[in-house]
Amino acid sequence: MLAVIGTLRPWAEPETISIHRLAMHAPLLVDPQYHQSLDGSWAFSLFQHPDDVPPSAVTGPTPPRPTPPGPTPGATQAGSQPVPGNWTIPHNGAASIVEDLPHYTNVQMPFPGPPPALPQRNPTGVYRRTFTVADEWLDRQTVLHIGGAESVHAAWVNDVFVGYGTDSRLPSEYDISAALRPGANDLAIVVIRYSAGSYVEDQDQWWMAGLHRGVFLESRPAVDIADVRAVADLRVNDGVGVLTLTTTVGFSSAPEKGWTVTTRLATMDGIAVGEDQSASVPHRFAQPYVFSGHQAVTTCEVTDVEPWSAEAPTRYRATISLIDLSGHETQTTEVLVGFRHVEVRDRQLLVNGQPIWVFGVNRHDHNPDRGKAVTADDIRADLIQMRRHNISAVRTSHYPNDTVFYDLCDELGMYVIDEANIESHAYNTSLCNDSRYAAAWLARGSRMVQRDSNHPSVLIWSLGNESGYGDNHDALAAWIRRNDPHRPLHYEGAPFHTNWVDGGMLASDLVCPMYPSIASIETYGADGAGTRPLIMCEYSHAMGNSNGSLADYWDVITRTPGLQGGFLWEWKDHGIRQYLGDGTVRLAYGGQFGEQPHDGNFVADGLTSADLEPHPAMAEVAWVYRPVTATLAANAGALVISNRQSFLDLGWMRAEWQLLVDGNVAESGELILPDIAPHSAVEVPLPCVIPSRGEVFLTIRFHQRRASWCAPAGHLVAWDQVALSVAEANDALPAAGTHDFGDAPCAIDSLLIAPVELELWRAPTDNDGFKLLADLSERLGIGGRGMVAWKRAGLADHPAEDLVEHRSTRTVDSDGNAEYHHTVTLPDEFPQPARVGVTFSLPPRFTRLRWYGRGPTENYPDRNSGSMVGVWESEPDAMPYLVPQEFGLRTDCRWFECIDPISGDRVRIVPTGPTTMHCSARHHTAADLFAAATATDLIARDELIVNIDAGHRGLGTGSCGPDVLPQYELAEKQYEFSYRLVVLGSQRYGAGDG
Ligand code: GAL
Ligand code: MG
């Protein structure tokens with residue numbers, strides 16, 4: 001039983017939010033001599049239940065801690081844990097205490113309810129270390145800061161209980177002055193894995209445990225700048241910046257009259273701006289009845305201020321000083337501010353009076369080796385990778401981040417929706433009306449606002465995620481609206497559980513649906529209904545091979561009033577690095593730690609791997625979110641260049657054009673751009689004469705002129721490609737002799753390892769069905785329907801030939817090249833196929849690919865706008881997803897070659913009807929991919945498996961959201977296609993034909 005808390009069990013009570021916790025405040029700059037980090041290796045012991053923790057575990061002398069973790073990432077030595085860290089990171093075979101592993105669930109709780117019931121086994125970690133403070137500190141106030149503990153924590157200093165706190169994603173602070181002593185002090189922090197609060201932390205992520213953010217001590221003077229609220233508004237009509245600083249002075253002993261606060265504003269280079277201000281600190285003896293707290297308010301106006309936006313994130317430095325009764329400055333601190341104005345007006349979200357495009361993504365804290373303990377470098381790496389792909393807005397799904405995240409977004413320029421750590425998904429419609437949880441709602445939301453309000457990057461407050469819509473939401477919304485009238489509110493559940501037009505207005509200023517269909521958002525926008533803009537809080541679920549129709553979303557968004565964009569789901573896979581006994585290392589998803597219940601690979605739905613490797617869909621994201629576009633004018637005689645930014649012109653980019661004839665660069669040059677104001681477009685003449693023969697494309701590329709925080713000079717920011725003339729026939733055919741009809745042997749026959757066979761399916765993508773979550777797909781009918789239908793039709797275990805009517809003929813020309821012609825008729829009841837095409841195998845010596853079509857990376861019929869047409873060359877792709885599935889397609893190929901670089905032999909596929917086809921070449925068959933549950937189970941074949949598809953179904957986003965749109969389905973019952981397989985000898989390799 002825990003000492004001092006005794007028989008009380010605050011962790012089991014939803015109403016107990018904290019004990020002895022100090023008021024939340026904005027992070028303030030502190031003199032380094034008054035700050036002491038306690039991060040590092042702590043002594044650690046793990047118990048199976050909070051009741052198992054004996055008083056002696058938190059009192060008495062701190063046990064020695066073994067040497068810190070060795071070089072293996074995430075490895076833990078017996079009896080010690082890194083802080084920040086999650087003790088649930090697997091120990092990876094290092095000498096260890098009993099492991100307590102990660103547990104993944106999506107909607108369901110990891111243990112049975114109802115709230116606030118807790119599991120029998122509730123791992124409880126005791127972290128211990130000693131610290132010594134400078135003697136000078138002993139006469140001041142010492143505060144213990146615990147950055148983040150999952151799920152709840154209690155702390156003891158020198159055997160004295162100093163406090164208890166909930167909300168695993170915000171810091172807690174305690175006054176430990178009375179417990180301190182000179183010399184070594186013993187600190188114990190107990191962290192309990194599950195609590196009554198877990199029911200409002202039911203986000204779709206790993207359940208972890210531990211002190212996952214930094215712990216430090218701070219020394220404060222007896223009269224202290226306790227908080228500063230900075231409101232840096234931009235007056236949009238005259239460009240004047242108005243800074244209001246509200247400084248709260250804390251008195252840790254009897255308050256005195258006569259203190260003053262002075263404030264000063266300067267540029268980041270230290271040049272003073274506006275007038276210095278001062279205000280006396282109100283005092284209750286002097287102002288009985290009207291006393292509103294020890295808060296001094298100063299206001300300063302700055303004419304011609306440089307506003308803050310994500311495009312031009314100018315900040316200023318506000319210095320706040322505290323002056324005592326005799327006029328001496330006793331303390332000074334600093335807040336970095338950005339002047340900007342956010343409002344929702346006329347169905348638009350406006351920043352500084354301008355509408356913005358929300359090029360957004362949802363981001364979770366995740367590191368494959370440290371779990372929730374992300375570093376400033378991890379966060380910066382995420383932001384760099386985002387901006388390289390033109391992402392400029394982040395929703396902090398689904399909880400407040402470490403403050404370093406907001407500092408970086410302020411500095412670098414990112415718009416943020418800051419979300420409160422509230423998700424009661426398993427009890428979606430009850431807890432939001434449960435008054436036992438009302439205090440939790442209010443504390444989680446209000447403490448987030450109090451901490452993060454000074455950040456210009458935070459445009460919008462979010463009341464949380466997937467928690468129904470109830471009393472507790474309206475209570476929290478009312479608190480925030482009163483406390484911070486300068487920002488709009490976001491809460492998906494409010495319009496979702498009412499209606500999009502005027503439902504849930506108390507709790508949401510945005511219509512912010514998740515995974516809506518394109519048709520539904522278009523209808524909302526075009527109807528002109530309501531007063532709110534529609535910004536999707538989640539869309540285009542990036543699970544596995546996904547993000548179909550992203551460009552279709554943006555086509556509708558950019559031409560429909562009331563629509564402004566949204567936040568992709570989601571940034572990163574949450575794979576956790578797992579070292580298996582046989583030496584295999586993998587990024588694990590749900591269930592791979594043996595936990596029950598679990599939701600499998602639903603946790604792997606990122607645009608990047610857990611290691612921040614972009615998945616192929618990122619090419620589409622970068623293209624769809626590009627800040628500038630080039631299209632062909634209606635008369636086809638000029639280019640239209642559109643600036644999609646809200647504040648900047650295009651001066652930071654240099655444009656180049658390239659004329660492609662049949663895939664080869666015929667001409668190129670610099671495209672001189674006129675001034676193009678934000679949100680406007682200008683026509684520029686075509687930079688070249690259009691050739692009269694061949695297939696002609698004009699490609700425009702926009703490169704960064706100078707190096708920036710995210711990319712070097714020359715980085716490709718945006719591109720567009722316009723078709724100027726279309727080839728009449730596929731002239732990729734080498735001159736052919738006369739045709740010989742019949743089944744004559746030909747050059748290709750000696751190369752084929754397996755014959756040309758009809759193929760009608762693909763290894764299901766996560767959007768076609770959940771192969772690891774059979775119950776969801778097969779019994780409950782959740783997710784895409786393709787997988788179940790294809791299996792029922794027999795495609796998983798029979799040759800397609802046996803299931804449908806297929807006729808094929810082959811003709812051979814005098815050069816020995818074969819032309820194949822196929823007709824396929826599907827029975828009436830046969831499901832829509834995933835592909836209509838053929839597959840065959842070539843010997844292992846064919847190790848390179850070259851094609852004239854879309855590339856360079858994998859692309860699909862509904863995800864190929866971000867793939868340029870050209871001649872590309874690469875090795876066969878490696879399977880890029882955690883769960884093996886279809887991958888590696890290149891669409892719209894005019895020709896596709898498999899090359900043996902040693903001999904120079906090439907097999908060229910030339911579609912003849914239709915004249916472009918979709919091709920891929922990999923070391924796996926569809927059956928291989930389907931059979932493997934996890935990437936490390938997949939064994940690459942030596943031979944090259946080549947696929948030629950006359951039709952290939954789009955990807956859609958059926959794992960969570962709309963399935964493939966009709967125009968990307970294969971809905972016909974009859975198909976006819978033909979292509980030639982041309983074998984070319986070494987003498988022709990590299991001759992640049994095609
Ligand atoms: C949403 C939810 C996210 C995530 C996603 C599916 O419903 O808000 O947290 O679960 O679906 O990956
Ligand atoms: Mg959820």
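At what angle do the axes of helix α1 (residues 376-388) and helix α2 (residues 403-412) cross? The answer is roughly 40°, with the axes coming within 10 Å; axes here are lines fitted to C-alpha atoms, for helices over the stretch in contact, and angles run from 0 to 180 degrees between N-to-C directions. This is a predicted model, where local features need pLDDT of at least 70, side-chain atom pairs count only at pLDDT 80 or more, and totals for chains, interfaces and linings use all residues. Residues are numbered from 1 along each chain as its sequence is written, ligands are numbered from 1 in the order in which they are written, and side-chain values use heavy atoms, leaving out hydrogens and water.

On the α1 side of the contact (heavy atoms within 4.5 Å) sit Ala 376, Ile 379, Arg 380, Leu 383 and Arg 387, which meet Val 404, Phe 405, Leu 408, Cys 409, Glu 411 and Leu 412 in α2. By class, that gives eight nonpolar, no polar and three charged residues.

Then there's the open sheet: seven strands in the order β1-β10-β9-β12-β6-β3-β4, with antiparallel pairing (two strands pair if DSSP finds at least two bridges between them). β1 (18-19) and β4 (80-83) are at the edges with a single partner strand each, so one side of each has no neighbour in the sheet. β1 pairs with β10 (residues 160-165) over two bridges, and Ile 19 faces Tyr 164 there.

Technical notes
Helix = DSSP H or I, 4+ residues; strand = E, 2+ residues; numbered from the N terminus. Nonpolar A, V, L, I, M, F, W, Y, C, P; charged D, E, K, R; others polar.
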